[in-house]
Amino acid sequence: MRLIHFAIRNIKGYGFRSLAIFLSVLVFAGLLVGTTVIIKGTQSSLNAGLQRLGANIVVIPQDAEDTFDTALLTGTNDKNLMPADVALKVASIPGVASVSSQIYLSTLYGADCCSFSETPLIVFDPSTDFTITPWLKSHLGRPLATGEIIGGSSIFVPRGNQYISLYGYNVTLAGNLEATGTGLDQTIFMTQATAQAIAQSSLTTAAEPLTVPSGEISSVLVKLKPGADAHKVSLQIYENVPNVSAIESPNLFGTFRNQITGLLLAFFVLMIILWVVALFLIAMMFSMSVNERKRELAVLRAIGATRNYVLRSVLAEASILALGGAALGVAGTSALLYLFQGFLSNIFKLPFLFPSAASLAIIFGIGGIFALITVVLAVLIPASRISREELAIAMRE
Amino acid sequence: MITLSGVTKEYRLDEQRVITPVRDVNLNIAKGELITIIGRSGSGKTTLLNLTAGLVKPTQGNVFIDDVNLSGMDDSQLSALRNRKIGFVFQFPSLFPNLTVLENVILPTGFTAKSEQKEASKHAHTLLLNMGINEKSAVLPRQLSAGEQKRVVIARALINNPGIVLADEPTSDLDAQTEIEIMELLKKYNQAGVTFVVVTHNLQLLRYATRAFKMENNQLTDITQFKNLNKLPLELVS
């Protein structure tokens with residue numbers, strides 16, 4: 001009989017104890033991986049959102065940082081506006097390579113004339129844009145025509161329709177951007193010409209007409225020249241352009257980052273506490289188990305098993321339980337997160353992008369190894385102690 | 001085959017108290033003998049058996065198996081010796097509860113990397129057949145009677161064809177008929193060349209011995225001359 005079979009038989013034989021350890025590892029590994037996936041998913045989402053904007057600096061109306069962040073992250077409407085000439089002023093600042101202005105609008109709430117309720121509409125300028133235009137070139141191979149839109153990953157043509165209705169005006173969905181897990185996924189991108197066409201049509205077709213602000217914009221996306229210092233440029237924007245806020249790309253979503261930093265810290269502390277509890281719990285269960293089996297393990301040595309064999313047989317039991325529990329915990333948590341990612345994102349107001357298969361594989365691997373190390377650490381002391389006990393004394397107990 | 005030379009075992013309980021279950025014991029056991037050691041509970045019989053198997057190290061003196069001093073062996077060498085040369089029949093239930101009868105018997109063959117499991121299984125079936133319980137090879141120990149469990153333990157002790165079997169109270173908790181059956185089995189293997197050392201408080205087992213000893217005051221006394229008497233002397237019974 002091989003060591004592995006001996007370990008499996010003992011796992012089956014001491015079913016209750018095995019189940020308790022298995023479940024401890026399952027819960028621990030599940031929480032560990034779950035937390036990591038959420039953190040990773042949130043970070044990926046923020047990074048994808050930043051990448052989508054493609055700007056080094058975003059200029060917005062003064063004191064509108066929170067509204068802007070929230071609008072981008074959760075897909076709500078940002079109604080703050082600033083004069084359109086801000087774009088020209090920003091463009092003249094040294095170090096700025098290019099600027100592109102955007103206007104943020106929204107569909108109506110619960111109106112029949114709109115396929116989607118309260119969905120953000122971003123109007124961009126194709127002549128200067130560096131957010132959508134590069135995507136159009138590589139994916140569509142042509143500019144957007146009037147009446148065409150690009151949707152975030154969650155925008156779709158309603159079943160049974162050929163078009164998306166915006167204020168009663170039918171637009172064609174020319175393509176969907178990749179998911180970012182942010183509000184950009186629920187956003188519709190269009191050119192000024194399409195926005196004007198919708199506004200014109202809405203006068204007769206919509207419950208409320210769409211107003212495209214004239215001479216006003218919502219934001220200016222700024223791309224810097226190579227080597228330009230973003231911080232210095234943003235200070236110059238503050239000095240030269242009144243009543244605006246210039247947010248450097250790494251500081252974008254700053255309010256949200258501050259909020260989640262606290263949350264992540266709490267998660268981290270919780271994980272450490274959980275790890276210590278799991279370690280202690282598993283060590284205690286195994287300690288009790290090997291104490292109960294002291295005579296059995298002594299007999300094993302008496303009939304010819306080495307200390308090393310006894311140690312390995314106990315570690316093999318622990319490892320099988322650890323890997324089994326970790327695998328199920330990790331797979332179960334991942335499946336739950338995958339199925340309920342939208343729900344969780346809404347509940348916790350978190351931007352969330354489910355990690356890629358490669359990232360998941362790494363997280364799974366780390367989770368499994370961590371669970372294995374935890375169990376082996378927890379088991380090592382009682383197993384080592386029992387393997388060194390004087391046989392004659394152990395057999396008498 | 002087995003030599004105990006001036007063997008003493010002490011256990012230190014605390015600073016002042018030391019107990020000495022075995023004191024200056026000398027014993028030579030030749031191949032093919034069936035030695036019976038009797039004595040009251042706590043007389044040191046089991047400690048003597050454990051010393052013989054290298055399960056405990058003597059405080060003084062040496063134990064030799066086939067002229068090899070156990071004191072010079074490390075853990076893995078002692079394990080290998082116990083595995084290949086010594087079979088154990090323990091006083092307490094010693095079968096592994098989660099393994100079947102067959103798995104219990106072949107277990108000692110799996111400790112070495114080179115063991116051939118098919119051969120071991122065949123040998124185990126032969127042993128179980130000789131013990132009269134081969135039909136129960138697939139059941140768990142808890143489904144066996146005390147006598148059947150003892151037979152499985154004997155089969156396990158013999159699986160690696162050891163030259164020596166150390167049996168600690170092999171007939172304890174057994175009825176008279178089963179006791180005879182078990183001892184007859186030991187005798188059968190003894191006649192086939194296996195050396196047995198049996199420790200017991202059951203005087204009835206003396207008649208199976210080639211030599212008999214009494215453990216008293218931590219020392220051995222040869223009582224072979226009394227082993228075939230129908231009525232044992234009073235000092236032996238006490």
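Colleague: Which residues have the most contacts inside the largest nonpolar core?

Modeller: Bear in mind that this is a predicted model. The residues are V25(A), V105(B) and A155(B), and the core they sit in has 110 residues.

Colleague: Which helix gives the most to this core?

Modeller: Helix α2 of chain A, residues 15-53, with 10 residues.

Colleague: And what does V105(B) touch, leaving out residues up to four places away in sequence?

Modeller: V105(B) touches A124(B), L127(B), L128(B), V152(B), A155(B), R156(B) and I159(B).

Colleague: What about a second core, how many residues does it have?

Modeller: That one is separate and has 62 residues, including F68(A), M82(A), I103(A) and I150(A).

Colleague: Now the contact between the chains. How many residues are in it on each side?

Modeller: On chain B there are 23, in contact with 20 residues of chain A.

Colleague: Which helices of chain B each supply at least two residues there?

Modeller: α1 (45-53), α2 (75-85) and α3 (101-106) of chain B. The largest share of that side comes from α2(B), with 5 residues.

Colleague: How does the chain B side divide into nonpolar, polar and charged?

Modeller: 12 nonpolar, 8 polar and 3 charged.

Colleague: Change of topic. What is the radius of gyration of chain A, and what does the globule rule give?

Modeller: Chain A comes out at 30 Å, whereas the rule gives 21 Å for 397 residues, so chain A is more spread out than a compact globule. Its C-alpha atoms fill a box of roughly 95 × 55 × 35 Å along the principal axes.

Colleague: And chain B, what radius of gyration does it have?

Modeller: Chain B has 18 Å, which agrees with the value near 18 Å for a compact globule of 238 residues. The box for the C-alpha atoms of chain B is roughly 50 × 45 × 35 Å, again along the principal axes.

Colleague: How much of each chain counts as buried?

Modeller: For chain A, 44% of the 397 residues. For chain B, 45% of the 238 residues.

Colleague: Take contacts between residues at least 6 apart in sequence. What percentage join residues at least 24 apart?

Modeller: In chain A, 82% do. In chain B the figure is 66%.

Key. Residues are numbered from 1 along each chain as its sequence is written. Chains are lettered from A and ligands numbered from 1 in the order in which they are written. This is a predicted model: local features need pLDDT of at least 70, side-chain atom pairs count only at pLDDT 80 or more; totals for chains, interfaces and linings use all residues. The radius of gyration is taken over C-alpha atoms; the globule rule is 2.2 Å times the number of residues to the power 0.38. A residue is buried if 20 or more other C-beta atoms lie within 10 Å of its own, exposed if 12 or fewer, and partly exposed in between; C-beta atoms are placed from the backbone. Two residues are in contact if their C-beta atoms, placed from the backbone, lie within 7 Å. A nonpolar core is a set of buried Ala, Val, Leu, Ile, Met, Phe, Trp, Tyr and Cys residues joined through C-beta atoms within 7 Å. Helices (H or I, at least four residues) and strands (E, at least two) are DSSP runs, numbered from the N terminus. Ala, Val, Leu, Ile, Met, Phe, Trp, Tyr, Cys and Pro count as nonpolar, Asp, Glu, Lys and Arg as charged, and the others, Gly among them, as polar.
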